[in-house]
Amino acid sequence: MRVLISGASIAGPVLAYWLARYGYRPTVVERAPALRKAGGHAVDLFRPAVDIVERMGVLPAVRDRRTGTERLTMLVDGGRKRAHVDLDRVFTSDRHVEIMRDDLSEIFYDATRDDVEYLFGDSIATLEQDADGVEVTFEHAPPRRFDLVIGADGLHSNVRRLVFGEERRFSAFIGAYLAVATVPNHLDLSDHVMMAVAPGRMAACYSARSMDDARALFLFRSDHELDYHHRDVPRQKELLRAAFAGMGWEVPRLLDELDRTPAFYFDSITQLRMDTWSRGRVSLVGDAGYSPGPAVGGSTSMAVIGAYVLAGELAAAGGDHERAFRAYEREMAGYVRRAREVAMGAAKWLVPGTRFQTWASFRGTWLMGKLPKRVTGALNTVTSKAVRVHDTVPVKDYPSMSGIARSGVRPPR
Ligand SMILES: Cc1cc2nc3c(=O)[nH]c(=O)nc-3n(C[C@H](O)[C@H](O)[C@H](O)COP(=O)(O)OP(=O)(O)OC[C@H]3O[C@@H](n4cnc5c(N)ncnc54)[C@H](O)[C@@H]3O)c2cc1C
């Protein structure tokens, strides 16, 4: 069975890996001309996603390239007051790994490149479904026919737009904006993230063991959607500068770097809310189908788990895509709902709205750094709830190819 996957970041290569293991023939089309190397940000893998990564045989590579961030310093009052905390008190999971997204996608790509066809620098132009397949035209490659098409092409998914319609029908603005810029590591950070918080805005800087530079991360609240085009980078930088005007600590220096940064990202924090992720022979996986919001919702773990479950359900259904897509949605629905709720709480915690909330957040962090570890869980309600949601998703064992043969289920053609 030939499956076309759009997107070669996290969900796409993980799905391709498992489909190839189950005897499918996956092709991955990626709009970028090559794997992304500049920019990017740190992402989180929680227990079930780490278990899946282990089953893929790439856990040693993932651990090798983890960011190594161990400490958080929260600063308020322009940096005059500081609270330090070890991150193992914040992330109370014993199997959590933080890694740069681009490192993770490179590891997944390396694990699949021999068994999976990758088409870089291209994108699906049109999709037409009929009773036995999907006719696909590309922006560059000649048209081809596939049995199934899966959109793993992120929050602004092309496949979702082509099959389900415009994004605004499914996206909910949750009242905040997010920006990331690649900056020099002038704070000499290695195992440490620094985060300045003021009412309605948060600016952070971090680096990772595998990086020579650092990332400046900005989050700010807005009670309305801002007016800009998604390709108008100068306007986005202007909005960011306006939102952080007058904030102390290193913020003016980080904003200065916006003129020189080689990689810049700016977007609203948007949650996707769809009733179903599948239509006919097309389905969605990862951020394309159920992003709870970038930077607030553990969505990388969801992308890994979703890809594993989708491939597993297709294998278990012997390629009966209708049955498999229904089972995939059933398996993921509760987790997606809980992750959305957690993401709303995380957005409030990361960007406190008022002076009082800022102070409470600072005191909470300060206390977490001082109290015995067994007491800090109670204080840390937002992150411990998030960890619980992402750490405790039950993930089934799916049959291997030999298991499929033994079970009498028809293997994919
Ligand atoms: C600034 C920022 C900070 C974040 N912080 C965190 C965090 O702290 N923790 C966490 O867990 N997650 C975080 N995330 C979210 C995380 O990056 C995503 O959840 C994760 O990468 C989802 O993987 P994905 O494969 O579903 O989609 P993506 O990683 O978005 O990948 C989509 C892929 O599809 C490709 N693509 C797009 N359009 C097309 C097209 N037309 N044709 C072909 N290919 C296409 C893209 O180039 C990309 O390679 C953050 C996200 C952002 C933006």
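This is a predicted model: local features need pLDDT of at least 70, side-chain atom pairs count only at pLDDT 80 or more; totals for chains, interfaces and linings use all residues.
## Elements around the ligand

Four secondary-structure elements, namely strand E2 (25–30), strand E3 (42–45), strand E12 (171–183) and helix H10 (299–316), each supply at least two residues of the shell around the ligand.

The shell around the ligand consists of 31 residues, of which Ser9, Glu30, His41, Asp44 and Ser299 come nearest. By residue class, the shell divides into 12 nonpolar, 11 polar and eight charged residues.

## Polar contacts and burial

Glu30, one of the residues that come nearest to the ligand, places a polar side-chain atom 2.6 Å from an oxygen atom of the ligand. The backbone also takes part: a backbone N or O atom of Arg31 lies 3.1 Å from a nitrogen atom of the ligand, and a polar backbone atom of Ala42 is 3.2 Å from an oxygen atom of the ligand. Taken alone, the ligand exposes 990 Å², and the protein buries 90% of that area.

Two packed helices are described by the angle between their axes and the distance between the axes.

Helix H1 (residues 11–21) packs with H10 at an angle of about 30°, with the two axes 8 Å apart. Because angles under 35 degrees count as roughly parallel, H1 is roughly parallel to H10, and the crossing of these two helices is right-handed.

Between H10 and helix H11 (residues 321–350) the packing angle is about 155°, and the axes are 8 Å apart. Angles over 145 degrees count as roughly antiparallel, and H10 is therefore roughly antiparallel to H11; H10 passes H11 in a right-handed crossing.

For helix H2 (residues 47–55) and H10, the axes come within 9 Å and cross at roughly 55°. This angle makes H2 oblique to H10, and the crossing of H2 and H10 is left-handed.

Notes: Residues are numbered from 1 along each chain as its sequence is written. Side-chain values use heavy atoms; hydrogens and water are left out. A residue is near a molecule or strand if one of its heavy atoms lies within 4 Å of it. A polar contact is a pair of N or O atoms within 3.5 Å; within protein, one must be able to donate a hydrogen and the other to accept it, and residues adjacent in sequence count only if both atoms are side-chain atoms. Accessible areas come from the Shrake-Rupley method with a 1.4 Å probe; for residues, only the protein chains shown count as cover. Ala, Val, Leu, Ile, Met, Phe, Trp, Tyr, Cys and Pro count as nonpolar, Asp, Glu, Lys and Arg as charged, and the others, Gly among them, as polar. Axes are lines fitted to C-alpha atoms, for helices over the stretch in contact, and angles run from 0 to 180 degrees between N-to-C directions. Angles under 35 degrees count as roughly parallel, over 145 as roughly antiparallel, 65 to 115 as roughly perpendicular and the rest as oblique. A crossing is left-handed if the near helix is turned anticlockwise from the far one by less than a right angle, and right-handed if clockwise.
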